[in-house]
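The questions below go through one structure, starting with its ligand. Please keep the sequence and the model open while reading.

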Amino acid sequence: MFNFHYFTPTEVVFGRNAENHIGELIKKQGVGKVLIHYGSGSVVRSGLLDRIKSSLDDENIAYAELGGVVPNPRLSLVYKGIELCKKENVELILAVGGGSAIDSAKAIGYGAVNEGDVWDFYDGKRKATGCLPIGVVLTLSATGSEMSDSSVITKEEGWIKRGYSSDFGRPAFAVMNPELTLTLPDYQTACGCADILMHTMERYFTSGGNMEITDSIAEALMRTVIANAKILRDDPKNYEARAEIMWAGSLSHNGLTGCGNNGGDWATHKLEHEISGIFDVAHGAGLAAIWGAWARYTYKNCLDRFYKYAVNVMGIKEEGSKDEISLSGIKATENFFREINMPTSLSELQIYPTEEQILLMANKCALATNGSVGSARKLVESDMAAIYRSAK
Ligand code: NZQ
Ligand code: ZN
């Protein structure tokens, strides 16, 4: 077991009508002006934005607004948001939406209180010394950004997608009403479930030093996500299943499922960020498309944990060697992705990278990871290219 630091300062208000508390939550922060930050229109169409504005009006909270965040959120809008925050003396950013709106809000928050170019943080050149407080009204269960320390931004010049993690970026509060996810297209719901599952898998497949209580929590979380993802495939309006997935999303990426292990593997995420950075696909679908190739490349180096996962999470009961059972667990996971209409290869994701693009993605991934990534198996640039090739 490794020593760990577990920090989850986010106040969570969960359940039906949770967004009615937004005014009081902002009041509690003692701030003057708020920037409401959102995406490309779903929160306008659902009427959520109007309800939020009227609850701020009721509490006499002043606000500016900035919409237009797109999936794989762009640096250019972050710069625009930073200017706006400075001009309007914004003291808190309220992200209304999914991971992209939240991540963009965090980036704006860093840029508003730190001198210099905010991209430096994402580029690994320096560390932020603060962030404007972030509040969240979550409309998509997926990234866990509502409680996580991470923010992932895409710089259009060169299509470089990079993450930055800092405790300063952890939201002060998150309002989570599972009903707000009822308007999601089925595809986005499934992408979210894949991402949630993967945030715990990344922490689970590590080499050594693991903690029994963490494994048990992780395995229960993964089983719950798999079961409820299937319920939502057949019954997208099921509130209970929406709620299970929403809370699993937060717990999967707030650090809980990694306490005591050695920090996680994260290769699938790093490999995926290069795919969505270049091809602009949904993050969860990109993860599902690459995971099988990564798992087959890796499992022999982390056999005990792939075996444990196969038995405890995927319910593999057949007789066989650890190697055979582990492979059955990988196959069962891919079958689960297919069952919820997620891709299990790049061609199923409808992208067909050339050898040149594969080498480019591998090179960018190696650059983003200072040369290597992975705990279950350490990958260098040639391994990354091999995995992209076998995921075709
Ligand atoms: O922009 P709008 O119009 O709101 O539409 C969005 C978007 O098109 C739509 N949507 C969201 N809520 C909806 C809805 N449509 C109907 N009804 C609703 N209730 O869904 C689409 C996808 O939204 P987005 O926010 O992009 O999805 P997601 O939450 O999956 O976020 C993905 C981004 O987060 C990053 C990913 O790489 C990607 O850039 N990640 C962030 C992490 C973090 N901060 O901790 C960790 C993750 O591993 C991930 O890398
Ligand atoms: Zn993710």
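Q: How far does a polar side-chain atom of H283 lie from an oxygen atom of ligand 1?
A: This is a predicted model, in which local features need pLDDT of at least 70, side-chain atom pairs count only at pLDDT 80 or more, and totals for chains, interfaces and linings use all residues. Residues are numbered from 1 along each chain as its sequence is written, chains are lettered from A and ligands numbered from 1 in the order in which they are written, and side-chain values use heavy atoms, with hydrogens and water left out. The distance for H283 is 3.0 Å.

Q: How much of the accessible area of ligand 1 does the protein cover?
A: Accessible areas come from the Shrake-Rupley method with a 1.4 Å probe; for residues, only the protein chains shown count as cover. On its own, ligand 1 has 970 Å² of accessible area. The protein covers 89% of that.

Q: Which residue has a polar backbone atom 2.7 Å from an oxygen atom of ligand 1?
A: On the side-chain level, H199 places a polar atom 2.8 Å from an oxygen atom of the ligand. The backbone atom at 2.7 Å belongs to G99.

Q: How many residues surround ligand 1?
A: A residue is near a molecule if one of its heavy atoms lies within 4 Å of it. The closest are S42, G99, S100, D103 and T183. The number around ligand 1 is 33.

Q: Which residue of strand 8 stands opposite E11?
A: Strand 1 and strand 8 (residues 173-176) pair in the parallel sense over 4 bridges. Opposite E11 stands F173.

Q: Which residue takes a positive phi in the hairpin of strand 6 and strand 7?
A: Strand 6 and strand 7 (residues 160-165) run antiparallel and are joined by 6 bridges. V152 has G163 as its bridge partner. Between the strands are 4 residues, and the positive phi, near 90°, is that of G158.

Key. A polar contact is a pair of N or O atoms within 3.5 Å; within protein, one must be able to donate a hydrogen and the other to accept it, and residues adjacent in sequence count only if both atoms are side-chain atoms. Two strands pair if DSSP finds at least two bridges between them. Helices (H or I, at least four residues) and strands (E, at least two) are DSSP runs, numbered from the N terminus.
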